[in-house]
Amino acid sequence: MTGIDTGIARVDPFRDIKNRPEGGHGTNLLVVGTDGRDRITKAEKEKYRLGGAPCHCTDTIMLVHISRNRDRASVVSLPRDSLARLPAHTDRNSGEKHRAHPVKLNAAYAEGGPALTVRAVEQLTRVKIDHYLEVDFTSFMKTVDAVGGVDICTASPMKDKYTGLNLPAGSHRLNGGQALQYVRSRHVDVASDLGRMRRQQRFVAALIKEVGSTGIMLNPVRFRQVASVMLGSVRADRDFGSDELLALGRAMRGFSAASSEFTSVPIASTGQVAGAGSVVTWDRRKAARLFRLIREDRPLAAGRTGGGRKQLVEVAPQQIRVQIYNGTRTGGLGGRVDAALRGTGFDTTRAPRNATGPEAARTFVSYDPRWDRSAKALATALKGCEIRPVKGLGRTLRVTAGKDWSGVVPVRAENTNLGEFGAVRGDEVVCP
């Protein structure tokens, strides 16, 4: 081992595990985020709202698959409230012997640490875990600061009084502490834990983009510095260290945000289970196919073209119904506007009409005030055209194309999950 390895706290997550799944192609890492606030300074606790006692639990659980050719990373978020059934084991804290029983997935760590967590995840996914990496608040913040911060974009303001997150709409450069607030927040929208997992995925994609775009992967000295910071405050299995990380870095030098893909396990239902409390239950059929693709080293977002440089909007264009009117005397303009908006994802009627009255000098959107967010998204695609509220118009927005119409700006919503499993590519969720 090299000097970098000396800071790694070693664990044995594969101890006494029997009846493990067969190994597939590529490399599978189980990455868990733990509390670890007992290692945070008093000033950081106050600044980033990290008060209270450490919970010694897994706050985040991700299965990361690196393809055999090292040209793709597939990240699957496992909801911490997923229903799991733990095998018979001895509680690592109390020494009490437990029979097999149902729990939330994150309780596996509290009862049996990394080894029981790996057993529970392998039992649920039938994917063999090759490496285990445990990241706490301290190692997370240090890693973000080591790469110089990460860019995050949001289409709407994000505020969470519990974590102290307070971001206006737009683009932001987050340092380690701010990034921790971003990935921990659960109270910025109604999606709660699902929304938090999406933000965590966007953050990982942004981190990959930062590492790739700044040349860290191509600079052996710089990459070694970042690796040293990251590995200096994590826990990992005995076979995962600087040599493994540096080898991955060398093999993934052409990696970019487009090389990564993200999804969460498909959920069938939520409800109460005796002994486990409020849990989420996976969709067995979809989850089985998802993890079969992981075992077979196949992409989850196959056929996707990526996000490109699209403007962020609050409402996905696929959810916005639009009727086009030609407000000019230019023949065929309505059809061109309809096709252009449909091409960027809007649900147009495909039946443009001619407007009545004098020619419109400026393009404008007419909308029912109840659909104001949809109107703003449509106006963004039309380069900030005028918007006019009309009470009682209904859910279908109207675009009257004026003589100033000059094309459509591609837009996307930050929470759009398309395709099978809702998988997205990294370049679809990073800042344009």
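## Basis

The model is predicted: local features need pLDDT of at least 70, side-chain atom pairs count only at pLDDT 80 or more, and totals for chains, interfaces and linings use all residues. Residues are numbered from 1 along each chain as its sequence is written, and side-chain values use heavy atoms, with hydrogens and water left out.

## Strand 24

Strand 24 spans residues 397-401. Helices (H or I, at least four residues) and strands (E, at least two) are DSSP runs, numbered from the N terminus. Four of the five residues of strand 24 are buried, so the rest of the structure largely encloses this strand. Buried means under 20% relative accessible area, exposed over 50%, and partly exposed in between (1.4 Å probe, protein chains only).

Two strands pair if DSSP finds at least two bridges between them. Strand 19 (residues 321-326) pairs with strand 24 in the parallel sense, over five bridges; Val 322 has Leu 397 of strand 24 as its bridge partner. Strand 22 (residues 364-367) pairs with strand 24 in the antiparallel sense, over three bridges, and Val 365 stands opposite Val 399 in strand 24.

## Cysteines

A disulfide is a pair of cysteine sulfur atoms within 2.5 Å, and the count by this rule is one. The bond joins Cys 153 to Cys 431, with an S to S distance of 2.0 Å. Cys 153 lies in strand 10 (residues 150-154) and Cys 431 in the segment after strand 26 (424-425), so the pair ties together parts that are 278 residues apart in sequence. The torsion about the S-S bond of Cys 153 and Cys 431 is about 125°, so the disulfide is right-handed.

Both Cys 153 and Cys 431 are buried. Cys 385 counts as buried because its relative accessibility is 10%.
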